[in-house]
Amino acid sequence: VGGGSTAGSGSGSDSSPVKVGFSQVGAESGWRSANTTSLKNSLDDANGFKLTFSDAQQKQENQIAAIRSFITQGVGAIVFAPVVETGWDDVLKEAKDAKIPVILEDRSVDSDPNLYTTRVGDDFEKEGETAGKWVADTFNGKKANLVVLEGTTGSSAANDRTTGFNKAIVGSDVKVLDSQTGNFTRSEGKTVMEGFLQKYGKTINVLFAQNDDMGLGALDAIKAAGLTPGKDIQIVTIDGTKDGLTALSNGAFNYVVECNPLLGDQVAAIVKKVVAGETVDKLYLAKDQAFDQAQATAALPTRQY
Ligand code: AHR
């Protein structure tokens, strides 16, 4: 699918650097830190970019303000990881009117696709489906009493993972006792898990945490309740950070689905193409795998994030 777009004054023709504004979601998780580092490293001066970085602290209004400021600065391209899916139409139209291409990084938006150039990210629905299939298979013939720690409400990562997971458990022995947001953070993962344990006690025998960090926070709550994570409560998470794979290798987690945050090089290559007026695809999805305990142990020594 073509989505090419030419850029305005900040486009870095000949040898001048390409001015890029990057509006990042925040610093809520280990995944996010790795993603920020990857983008900063790839969009750096040595690669021909002049990067302006903005951390939105998980707030949509901060991202809208950052994008407006990038437009005023006349950047050559905007890279943008949208915290939630909806509510971007006006600001995306403003960027389009200013002829500044917008490259979505990580999450997607629920807007007219003509308002952005492309998206580079992971297949969240597939990740959820892989996690759901693991629970359905593991608890085949045994009753799974499941609780879910959802990601940030309204984010495409949370929405699509929920969709994929729910698809995969249709007709299985999985009963969803409860599902609440832990906002992709360790601290909220812990607090929400404490609430689940108070409400359902030992009935819970499986947890789906929509990212590693919430799962890691939940470990504290589970141990404090006198239960053994990985045994009394089996745990599946998404991301595959070093901390997540370490918990899996140690037996505290049982399965981890990967979500690759190392998108910087691909984003940088696409920005270069777009500002050069070349046509790019509308969607670039990273390849993700999944890990059991042995695979995590084998992967850890060379894990980059
Ligand atoms: O959008 C990707 C998700 O956002 C990651 O799974 C999570 O860790 C991050 O906060």
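Modeller: Two ground rules before we start. Residues are numbered from 1 along each chain as its sequence is written. As the model is predicted, local features need pLDDT of at least 70 and side-chain atom pairs count only at pLDDT 80 or more, while totals for chains, interfaces and linings use all residues.

Biologist: Which residue of β4 is the bridge partner of Phe80?

Modeller: Strands β3 (residues 77–80) and β4 (residues 102–105) run parallel and are joined by three bridges. In β4, the partner of Phe80 is Leu104.

Biologist: Now the sheet with mixed pairing: which strands are its edges?

Modeller: That open sheet has six strands, in the order β7-β6-β8-β9-β10-β12. Pairing on one side only marks the edge strands, β7 (174–181) and β12 (290–291).

Biologist: And what is the bridge partner of Ala144 in β7?

Modeller: Strand β6 (residues 144–150) runs parallel to β7, with seven bridges joining them. The partner of Ala144 is Val174.

Biologist: Which elements each supply at least two residues of the shell around the ligand?

Modeller: A residue is near a molecule if its C-beta atom, placed from the backbone, lies within 6 Å of it. There are 13 residues around the ligand, the closest being Ser29, Trp31, Ala157, Phe184 and Asn211. The elements you ask for are α1 (30–42) and β9 (234–239).

Biologist: Are α7 and α8 parallel, perpendicular or oblique to each other?

Modeller: The axes, lines fitted to C-alpha atoms over the stretch in contact, are compared by an angle from 0 to 180 degrees between N-to-C directions. Helix α7 (residues 212–224) and helix α8 (residues 242–249) have axes that come within 9 Å and cross at roughly 50°. Angles under 35 degrees count as roughly parallel, over 145 as roughly antiparallel, 65 to 115 as roughly perpendicular and the rest as oblique. The two helices are therefore oblique.

Technical notes:
Pairing = 2+ DSSP bridges. Helix = DSSP H or I, 4+ residues; strand = E, 2+ residues; numbered from the N terminus.
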